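Here is a short note to read alongside the model. Please keep the 3D view open and look up each residue as it comes up.

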Amino acid sequence: MPAVRTAFQQVEEPVAKKLETYRDKRDFRKTPEPRGDGKQRSGERPVFVVQEHEASSHHFDLRLEVEGVLASWAVPKGPSTDPRDKRLAVRTEDHPLDYADFEGTIPEGEYGAGTVIVWDAGSYGNLREDEDGEAVPMQRCLAEGQVEVWLEGKKLTGGYALHRMEGGDDREKWLLVKMRDEEADARRRPTSTEPQSVTSGRTLEEVAEEESGEGDSA
Ligand code: MN
């Protein structure tokens, strides 16, 4: 239905508008996180990143590049390589593209206070097609609550599906599930066995210690 597709194109917002919530939550004089004035397009293929975040509660953040920003979900247990696992993924505000490289400590008292590492990163492909075999634009997949992507990371590879659940409150609840393909592996537990950052080789603890200067537990 061409009319539907036009409607989705019309709701496309400029990047600055999409980043309003992200910027409103943060004081960039205090947090080392990027404000997001930089790049609008990362490269030939869209990027994905999974950041491990030791905040008030430990979680992983899955982010997919979509139309100039990183669509984001907080995944308390992190992604699984076992298709039988359904992992809760709470949609969070769009993040700037340069956030994909962010590793460091958000100071006490700031939004999301705690240490962040780049747990996995790479590119992804959109797997969703309409009945004519045409790719369904990612923006529309997000609006429909049905995302299916092929990840090419260092730790995570293969198909992953994200489906929005019905109902709920103001925060969108989705489920993240490994699709059944040759990359599925019920024996792996990368969130616990592969704790190092794929960009710096450091663990959360090492980043936290380096940034505190004296390695204390404050
Ligand atoms: Mn987070």
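1. First, a term you will need: a nonpolar core is a set of buried Ala, Val, Leu, Ile, Met, Phe, Trp, Tyr and Cys residues joined through C-beta atoms within 7 Å. Please also remember that this is a predicted model.

2. Now to the core itself. The largest nonpolar core has 38 residues, and V49, L62, L70, A89, A100 and L176 are those with the most contacts inside it. Strand β6 gives the most to this core, contributing six residues. As background, nonpolar side chains in soluble globular proteins tend to be buried together.

3. Which residues does L62 touch, leaving aside its neighbours within four places in sequence? Its contacts are V50, W73, V75, P79, A89 and L176.

4. For the overall picture, the chain has six helices and nine strands. Of its 218 residues, 30% count as buried. Among contacts in the chain with a separation of 6 or more, 61% are between residues 24 or more positions apart.

5. Next, look at the partners of β7. Strand β6 (residues 114–126) runs antiparallel to β7 and is joined to it by five bridges; here G122 stands opposite G153. Strand β8 (residues 157–164) also pairs with β7 in the antiparallel sense, over seven bridges. In β8, Y160 is the bridge partner of V149. β7 and β8 form a hairpin, with three residues between them.

6. E67 lies in the loop between β2 (58–66) and β3 (69–75). Why does E67 count as partly exposed? Because it has 18 C-beta neighbours inside 10 Å, whereas a buried residue needs 20 or more.

7. Finally, find E44 in the loop between α3 (20–24) and β1 (47–54). Is E44 buried or exposed? E44 is exposed, because 6 other C-beta atoms lie within 10 Å and the limit for exposed is 12 or fewer. The C-alpha atoms of E44 and S123 are separated by 9.3 Å, although these residues are 79 apart along the chain.

Terms used
Residues numbered from 1 in each chain as written. Predicted model: local features only at pLDDT ≥ 70, side-chain atom pairs only at ≥ 80, totals over all residues. Pairing = 2+ DSSP bridges. Helix = DSSP H or I, 4+ residues; strand = E, 2+ residues; numbered from the N terminus. Contact = placed C-beta atoms within 7 Å.
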